[in-house]
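Reader: I would like to learn how to read charged pairs and surface patches in a model such as this one. Could you take me through them step by step?

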Protein chains: 2
Amino acid sequence: MTGLAQTANPGSGRTVISVDAMGGDRGPAAVVAGISHSAKINPDIAFILHGPADELAKLVARKRILDGRVEIRDASDVVSMEDKPREVIRSKTTSMWSALESLRSGEAAGVVSCGNTGALMMLSVVRLRKILGVDRPAIAVLWPSRAPQGFNIMLDAGADISADEHDLLQYALMGASYARNGMDLERPRVGLLNVGTEEHKGRTELKLAHDLIARNAKNANYDFVGFVEGNDLPADKADVIVTDGFTGNVALKTGEGTAGLIGSLLKEAFRFSPLSRLAALLAYTSLNRLNKRIDPRRVNGGVFLGLNGTVVKSHGSSDATGVSAAVKLAFKLAQSGFSEKLAARVASAVSLPQDADSTNE
Amino acid sequence: MTGLAQTANPGSGRTVISVDAMGGDRGPAAVVAGISHSAKINPDIAFILHGPADELAKLVARKRILDGRVEIRDASDVVSMEDKPREVIRSKTTSMWSALESLRSGEAAGVVSCGNTGALMMLSVVRLRKILGVDRPAIAVLWPSRAPQGFNIMLDAGADISADEHDLLQYALMGASYARNGMDLERPRVGLLNVGTEEHKGRTELKLAHDLIARNAKNANYDFVGFVEGNDLPADKADVIVTDGFTGNVALKTGEGTAGLIGSLLKEAFRFSPLSRLAALLAYTSLNRLNKRIDPRRVNGGVFLGLNGTVVKSHGSSDATGVSAAVKLAFKLAQSGFSEKLAARVASAVSLPQDADSTNE
């Protein structure tokens, strides 16, 4: 066990992030490399690391920068990608359970896990509980975009497969709160994903949600830009794009798949001839800049919204860069007091859907 | 009027495609340039062109290749992008109406229009009628992919905002038929879009559709690969991807938006420095090849499935290349007798959903 006293002690002044070292496709070595990278660039961060103590201790010992900044919590079991969420919530011996427990007890200010999304969400709901006024927690992801901040927020990316108009309003409130605390946008623009931008179009719950979200804009301090379409996800039109988890998940994976296809065709194009290989060399810096801009590892981290505590889901295949990006996000949200602000925001709006007259309170 | 006798006359041996010259963002000049391009590369094609006769005659007269291969049908009104579908179906003086009428009467073997999608679909349903066994017609689009044929088919891309399990089965049957006749795939692979590939996941209608589509695979001569996800749209996993029109439309526009963002960032990257500008020159041929592969203009053409007749919706902003691609698609489908084959296929499967015992008929 390394550095327990320094990190768990609030007097150290460091923000403690709990990291589930297990469950990712690349194993705990990638996770330890990721937190080591974070520790290097951010002196104000410390970690509680959850997993098999012996294995983790060896990995941590190799990274000088982690000296005194990591506490290891032994957890013998791992939640696998195949485990059913219903079984996961019964097992107290997993690294995932242990990580969430340290958040629940107040020892850590945020959790990062590369594990099974469905299991992590269900366990988070059971252990952390939903905040008042939220029926369906959501997963918010960052989407590379033409907006000045370089990213838009989309939610729900797949926590639930459906959402009614009240859920969609909550997503709008939570997404706007995330944009304020995670991206420093004082008055974020909120859009509602649909198949057309005309107000008469789309499913019934979307028309109802359109009215609810519009009515709450002033109170909740966001601009409602109305309906947006799939091509607006990477555009400079809305900073927060609200949709149900089924549509959001399909959109997210479609975007990833499209970017992946173009990326691999681009690589093929540059390998095609001696001339194009030379071109790739000459364009290296510029292409690298482009790559950074759209690299999914750098926008890694689906944030669970609507729970008592900040949980960041890192991609299952995250490498050190991806884990480090997720840790950075958890740190930023923890420091801004995001979780408490979001709860206050949703609580203040919770009576609005039922009571149209209270919008100017 | 140019060339009436030659084109409307079946004895000419040419396949006649009816083209709505109006309603696209670039006006009739782009449409005439497009059919002129098609005429150049395909000697077996002739056109009926619908719109204001005087204006069209002038445009057609400028293209020598169209001599004797275009009949102009005067239609004074244009369906605009703002027109409500319900109003459009009452007006018999539009170029869209005129184009569909020539298909209905058997003068043309297919229709191409760049006009308002909702109006075109509603008018097509009213004038051409749905084929037996189809409740909801669908729009099928081509998706650039890693599959050997270079494209996958996705439907519904937005004809309707919802679909139950029986609609989804019909989409599978129609999509497979399209793949056979439009892409020469004898036994296409069909996938059902969902948020996970496990059979227990997703909405109820998807689980029911999973069973129905699996049960019909042998009879309808396709391979069912089960659930697929958004990232499989451009993959080499399913040739036909089935989903409801809401999800399909969001996915399509998300893919377009993502490709657009990467394309413009790539252009910026190549303009960034003298070195990168030189690189762009050197890589010109390779990048051009990539561009052709994913250029949306070359995969232009949403095919309306489930109607008596072949209607191809060209993108509203189609230029000559886009219009020509849509014409090529309409020609190919007309020549293969696609519309009749599809009707036969759906009719033979129409009793199956109600009667599980008939699957081995």
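**Charged pairs and a nonpolar patch**

Author: Arg136(B) has a relative accessibility of 24%, and it therefore counts as partly exposed. Please keep in mind throughout that this is a predicted model.

Reader: Where does the cut-off lie for such a class, and is Asp167(B) buried or exposed?

Author: A residue is called buried under 20% relative accessible area and exposed over 50%, with partly exposed in between. Asp167(B), with a relative accessible area of 2%, is buried.

Reader: Which interaction do the side chains of Arg136(B) and Asp167(B) form?

Author: Their side chains meet in a salt bridge, with an N to O distance of 2.7 Å. This pair links distant parts of chain B, since Arg136(B) sits in the loop between helix H6 (117-128) and strand E5 (138-144), while Asp167(B) belongs to helix H7 (residues 165-183), 31 residues apart.

Reader: What does chain A show for Arg136(A) and Asp167(A)?

Author: Arg136(A) forms a salt bridge with Asp167(A), and the closest N and O atoms are 2.6 Å apart. Here the loop between helix H6 (117-128) and strand E5 (138-144) of chain A holds Arg136(A), helix H7 (residues 165-183) of chain A holds Asp167(A), and the two are 31 residues apart. Arg136(A) is partly exposed at 24% relative accessibility, whereas Asp167(A), at 2%, is buried.

Reader: Which residues are linked with Glu107(A) in a network of salt bridges?

Author: Glu71(A) and Arg73(A) are linked with Glu107(A) in such a network.

Reader: Turning from charge to nonpolar surface, which residues make a nonpolar surface patch?

Author: To be counted in a patch, a residue needs over 30% relative accessible area and no salt bridge. Leu275(A), Leu278(A) and Leu281(A) make a nonpolar surface patch of about 300 Å². Of these, Leu275(A) has its place in helix H10 (residues 274-282) of chain A, and with a relative accessible area of 47% it is partly exposed.

Notes: Residues numbered from 1 in each chain as written. Chains lettered and ligands numbered in written order. Predicted model: local features only at pLDDT ≥ 70, side-chain atom pairs only at ≥ 80, totals over all residues. Heavy atoms only, no water. Patch = residues over 30% accessible without salt bridge, like charges linked within 9 Å, V, L, I, M, F, W, Y side chains within 5 Å. Areas by Shrake-Rupley, 256 points an atom, 1.4 Å probe, with all protein chains shown as cover. Salt bridge = Lys/Arg side-chain N within 4 Å of Asp/Glu carboxyl O. Helix = DSSP H or I, 4+ residues; strand = E, 2+ residues; numbered from the N terminus. Buried < 20%, exposed > 50% of the residue type's maximum accessible area, 1.4 Å probe, protein only.
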